[in-house]
Amino acid sequence: MKQFKRMFGKDAAVAWMLIAPNVIWIAVFTLFAIFYSFYLSFTEVDLFANQFTLVGLDNYTQSFADPVFTKSIVNTTVFTIFTVAFSMGIAIVVAVLLNSKIKGRKLMRAAFFLPSILPIIAVAQVWIWIYEPSYGLLNYFLEEIGIGDPSHPFQWLVSPDTAMLSVIIFSIWKSFGYNMVIYLAALQGVSRSLYEAAEIDGANAVQKFFRITIPGLRPATFFILITSISGSFQTFGEIYALTNGGPMNQTNMIAYYIYQFAFEFFKIGRASAVSVLLFILLFAITIWQWNSYQKKED
């Protein structure tokens, strides 16, 4: 009873008024959207006639039978593994370097962080120019160091062999600055006395990095890992801006697959079914990561 009064009594009225906008936003645009998508996944929707026909598990079975859906899962998994691994690896190294007393570190911090807050469509246009086969900066640089043939330049975004690599490179560049800032903040919590004690014991820079820095950043690494995997599985802007899922579905990922069925093919039920599958997958991955982290902490 006391707990009820504490949460819903007169003293809590101001608190509820302050958080009400966020509660309403989450209730309408998150919780309601999740449950409504779940309902739509069992229906066939005719938007023009405003008809909803229950079809059971048909949308799910059709999705699993679709080779493009399978391809999108494989593409998303490959993209996530490489993007998350390299983004976190680069971020932690850069964070450690910029946490030391070097000239211009504030400017470099801002420069590395800037891509993560820039509009993705705007920076994608710059990278489209960089990847351009005939006059792009990347092919020009490679030709200058003796890689590639000017008569047959690399077709970065239109070749099945390089399209996914191009998207991964762009995504790493776009995301590692945010991870770097998280690691920089976490480094402030690692006690300097540990490094001083390690120096007295004769530890070198590499030993201090792996024995003190990495373990000290474990909570930040766990946070970045969960958010990065979740974000990578929902990647849409990069694909929409750079490749439109091509060539030959080599860069088609789950979020873009959902977009295609919802807004290009107008198959809302099918799109909702894949959305539910994506939600279940991310939920399972998050629970698995949390349990693994808790076991390590224990």
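The tour goes from pocket to cavity, then through helices and a loop.

This is a predicted model: local features need pLDDT of at least 70, side-chain atom pairs count only at pLDDT 80 or more, and totals for chains, interfaces and linings use all residues. Numbering starts from 1 along each chain as its sequence is written, and side-chain values use heavy atoms, with hydrogens and water left out.

**Stop 1: the largest pocket**

Select Ser171, Ser175, Gly231, Ser232 and Glu238. Of the 19 residues that line the largest pocket, these lie nearest its centre. A pocket is an open set of points on a 1 Å grid over the protein atoms alone, with protein on both sides within 12 Å along at least five of seven lines; lining residues have an atom within 4 Å of a point. The space inside is about 390 Å³. That volume is the space filled by probe spheres set on the points, which are joined across faces, edges and corners.

Helices are DSSP runs (H or I, at least four residues), numbered from the N terminus. The lining counts 12 polar, 5 nonpolar and 2 charged residues. Here Ala, Val, Leu, Ile, Met, Phe, Trp, Tyr, Cys and Pro are nonpolar, Asp, Glu, Lys and Arg are charged, and the others, Gly among them, are polar.

**Stop 2: the cavity**

How many cavities of 30 Å³ or more does the structure hold? There is 1. A cavity is a set of grid points where a 1.4 Å probe fits but cannot get out. The largest cavity has about 40 Å³ of space. Select Asn139, Leu142, Glu143, Ile147, Gly148, Asp149, His152, Pro153 and Phe154 to show its lining. By class, that is 4 nonpolar, 3 polar and 2 charged.

**Stop 3: helix α6**

Select residues 120-131. Helix α6 has 12 residues and reaches 16 Å from first C-alpha to last, close to the expected 16 Å. The expected span is 1.5 Å times one less than the number of residues.

Colour Val123, Ala124, Trp127, Ile130 and Tyr131, the buried residues of α6. They sit on the same side of α6, because they cover an arc of only 105° around the axis. The arc is that of the directions from the helix axis to the C-beta atoms. Buried means under 20% relative accessible area, exposed over 50%, partly exposed in between (1.4 Å probe, protein chains only). Their cover includes α7 (137-144), α8 and α12 (237-242).

**Stop 4: leucine 184**

Stay with α8, where leucine 184 has its place. Is leucine 184 buried or exposed? Its relative accessible area is 9%, so leucine 184 is buried. Leaving out residues up to four places away in sequence, leucine 184 touches Ala95, Leu98, Asn99 and Arg109. Contact means heavy atoms within 4.5 Å.

**Stop 5: the loop between α12 and α13**

Go to asparagine 244 in this loop. Asparagine 244 is not a glycine, yet its phi is positive, about 55°. It is partly exposed, at 45% relative accessibility. Next comes proline 247, also in the loop. A cis peptide bond joins it to glycine 246, with omega about -10°. Methionine 248 lies in the loop too. Its phi is also positive, about 55°, and at 64% relative accessibility methionine 248 is exposed.

**Stop 6: helix α13**

Finish on residues 254-264. In helix α13, 8 of the 11 residues are buried, so the helix is largely enclosed by the rest of the structure. Among them are Tyr256, Tyr257 and Phe261. After α13 comes phenylalanine 266, with a positive phi near 55°.

Note on methods: Helices (H or I, at least four residues) and strands (E, at least two) are DSSP runs, numbered from the N terminus.
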